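Try each task yourself before you read its solution.

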Amino acid sequence: RPLQSESACAAFAQWPNVDGGIICSNCMALVLTQPYNGRCDTYCSSFGHTCIGAAEEQAEDCNVKQTFRCNQQITDTSDMLCTCSNDPNAKEPPPSGTTPPSGTTSGAVALASPAQIPFVVLFM
């Protein structure tokens with residue numbers, strides 16, 4: 001029996017349209033996209049739950065290939081990984097794209113003003 005302790009949700013037997021019976025831990029399962037227009041928020045609400053995570057799986061498994069927002073449509077696939085909770089206070093975490101791209105620094109760079117640059121005159 002999979003662990004469901006980190007999130008509150010109904011037993012997986014009550015989840016509709018689970019693709020191939022593939023269930024993951026933490027209230028996540030591989031579900032069919034078609035009946036829900038590719039949206040995990042629509043899927044989770046179909047059985048009284050709130051979406052707290054959405055993703056495309058790698059190969060019919062629980063491994064995440066790409067994450068999505070719950071209200072984003074996941075297209076070009078027949079199934080999606082949805083994480084659902086029946087906790088009334090559950091919320092989807094904020095988007096994670098707020099870190100600077102690799103190779104950039106996160107600190108500010110102070111540029112010298114013209115008054116701070118020494119002026120040298122060479123006489124020839």
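**Exercise 1. Work out what share of the contacts between residues at least 6 apart in sequence join residues at least 24 apart.**

Step 1: A contact means heavy atoms within 4.5 Å. Step 2: Keep the contacts between residues at least 6 apart, and you'll find that 56% of them join residues at least 24 apart.

Before going on, note that this is a predicted model, where local features need pLDDT of at least 70 and side-chain atom pairs count only at pLDDT 80 or more, while totals for chains, interfaces and linings use all residues. Residues are numbered from 1 along each chain as its sequence is written, and side-chain values use heavy atoms, with hydrogens and water left out.

**Exercise 2. Decide how far to trust the chain, using pLDDT (the predictor's confidence in each residue, from 0 to 100).**

Step 1: The chain's mean pLDDT is 81, with 71% of its residues at 70 or more. Step 2: Look at residues 1-6, where pLDDT is below 50 and the model has 11 contacts beyond near neighbours in sequence. Step 3: Residues 98-114 are also below 50, with three such contacts.

**Exercise 3. Describe how strands β1 and β2 are joined.**

Step 1: Strands (E, at least two residues) and helices (H or I, at least four) are DSSP runs, numbered from the N terminus. Step 2: In order, the chain's elements read β-β-α-β-β-β. Step 3: Strands pair if DSSP finds at least two bridges between them; β1 (residues 18-23) and β2 (residues 28-32) run antiparallel and have two bridges. Step 4: Ile23 has Ala29 in β2 as its bridge partner. Step 5: Four residues sit between the strands of this hairpin, and Asn26 takes a positive phi near 60 degrees.

**Exercise 4. Classify the ring pair of Tyr36 and Tyr43.**

Step 1: Rings of Phe, Tyr and Trp (its six-membered ring) pair if their centres lie within 6.5 Å; planes under 30 degrees apart are stacked, over 60 edge-to-face, and the rest tilted. Step 2: The whole structure has five aromatic pairs. Step 3: Tyr36 and Tyr43 are 4.9 Å apart centre to centre with 90 degrees between the planes, so the pair is edge-to-face.

**Exercise 5. Is Tyr43 buried or exposed?**

Step 1: Buried means under 20% relative accessible area, exposed over 50%, and partly exposed in between (1.4 Å probe, protein chains only). Step 2: Tyr43 has 0% relative accessibility, so it's buried. Step 3: Tyr36, at 9%, is buried too.
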